[in-house]
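Here is a brief report on one protein model.

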Amino acid sequence: MAYATICVGFTVPQLLRRASRIFPTHSALVVLRHSAFCSCTANGTIISKRKMDHLERTANNFRQEVISQAKVCGITDESETVKRLCLAVANKDFTFKAGQWVDFFIPGISVVGGFSICSSPGLLEREGILELAVKHTVHPPAHWIHTECTLDSEVALRVGADLHGYQEGKGNGYRMGTVKLYYSAKNTSELLFKKNILGLMNAFPGKITCHFHVTQQSSQICKELQPYVTEGRISEKDLEEHVSKDTLWYICGPPPMIESISKLLSNIGVPGNCVFFEKWW
C-alpha cells in the first residue's frame, strides 16, 4: 500500500537525505521552508524553551559509539548564508542511513556541532565522501565552518539517530509512491540544492514534483526556474488539494512557521497524528 507523505517546512538537505526513506515506499508531499528551527514534544506540540546545546538536546537519542576522523576535501557556497562541506571519511567502516545527522567535533573547540547529512549513503559507499549543509550562525561549530575551516582541516564525526516516526516498509508488494515538495525561501538564491531537486524531477517524472515559493524576490527569476516558482508564501489553497487519508505531512521551519502551517493543516482537516515536526530545535 502506498501512502502520501507531506513534509511541511523541511530544508532541502533534509529532503535529499530522507528521500531514500520516504520515497521508495510512500507517496509524499513535501513542503519546505529554508533554514529550519523548531522545538516540539513527541506528540508534535511546540514548546518554548531556552536554546540548548546540541548534545543536551539530543541526549536521549541513539548514537553510534565510534568517532571517526574526517578531512575537509571541499567547501562550496550554496548561498550567501549556507556552505556545503565535503568530508573524506578515513574509517572504511563508517556508515549512515538516510535520515541521520552527525555530531561534529572540531579540534580546539569544546562545543560539539550537530549537522544534517545532505549526501546519500551511496556517495559514501562509492567515494568515501560525506556532505553537510551548514548555515552561518554564531554557534561556534557553524561559525568555525564559515570563518576558519579550510581544505584539509581535520575534524571527527559520530552518527546520530535517524528520523523518528518513520517505519521502513517491510515485506513485498508495496508500490512506489510520489513526493510533492513545497519549498519556500526568501529568494531563489536561497533555494538550496534547486538543481539537485530539478534533477530528481527529471529522473522520476510524475513521482517527484516541486513547487518553489519566494517571499522577497527582487530580481528576475531565471527561465529554468520560472515554471516552478510562485511568489508568496505557501498557502492553504496550495495544500488543501493534497489532503487524503493516506497522506503524511512533515513540517520543518522556524517556530512561527511551524505553528502557522500546523494550524492551517488542522483547518483543512488533516488529523494531528498525520503531521510530523522536526525535533532538533
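This is a predicted model: local features need pLDDT of at least 70, side-chain atom pairs count only at pLDDT 80 or more; totals for chains, interfaces and linings use all residues.

Met257, Ile258, Ile261, Ser262, Leu264 and Leu265 are buried in H7. They cover an arc of only 160° around the axis, so they sit on the same side of H7. Pro256, Lys263 and Asn267 are exposed on the other side. Gly269 follows H7, and its phi is positive, near 90°.

## Nonpolar cores

The largest nonpolar core has 23 residues. Leu87, Phe94, Phe104, Leu130, Leu132 and Leu157 touch the most other members. Two or more residues of this core come from each of these elements: strand E3 (68–77), strand E4 (82–89), strand E5 (101–106), strand E7 (129–135), helix H4 (140–147) and strand E8 (154–159).

Take Phe94. Beyond its neighbours within four places in sequence, Phe94 is in contact with Ser68, Val89, Val102, Leu124, Leu130, Leu157 and Val159.

Another core, of 18 residues, lies apart from the largest one. Its members include Val82, Cys118, Ala185 and Met201.

## Aromatic pairs

The structure holds four aromatic pairs. Two of them are tabulated here.

| Pair | Centre to centre | Angle between planes | Geometry |
|---|---|---|---|
| Phe104 and Phe115 | 5.4 Å | 70° | edge-to-face |
| Tyr183 and Phe212 | 5.9 Å | 55° | tilted |

Phe104 belongs to strand E5 and Phe115 to strand E6 (residues 109–116). The two are eleven residues apart, and their pair links distant parts of the chain. Phe104 counts as buried, at 0% relative accessibility. Phe115 is buried too, with a relative accessible area of 10%. Phe104, Phe115 and Trp144 form one aromatic cluster.

Tyr183 lies in strand E9 (residues 179–185) and Phe212 in strand E10 (residues 208–214), so this pair ties together parts that are 29 residues apart in sequence. Tyr183 and Phe212 are both buried.

## Cysteines

How many disulfides does a search of the whole structure find? The search finds zero. Cys118 is in no disulfide, and the nearest cysteine sulfur, that of Cys86, is 9.3 Å away. The cut-off for a disulfide is 2.5 Å between sulfur atoms. Cys118 is buried, with a relative accessible area of 6%. Cys149 is buried as well, with a relative accessible area of 10%.

Terms used:
Residues are numbered from 1 along each chain as its sequence is written. Side-chain values use heavy atoms; hydrogens and water are left out. Buried means under 20% relative accessible area, exposed over 50%, partly exposed in between (1.4 Å probe, protein chains only). Helices (H or I, at least four residues) and strands (E, at least two) are DSSP runs, numbered from the N terminus. The arc is that of the directions from the helix axis to the C-beta atoms. A nonpolar core is a set of buried Ala, Val, Leu, Ile, Met, Phe, Trp, Tyr and Cys residues joined through side-chain atoms within 4.5 Å. Contact means heavy atoms within 4.5 Å. Rings of Phe, Tyr and Trp (its six-membered ring) pair if their centres lie within 6.5 Å; planes under 30 degrees apart count as stacked, over 60 as edge-to-face and the rest as tilted.
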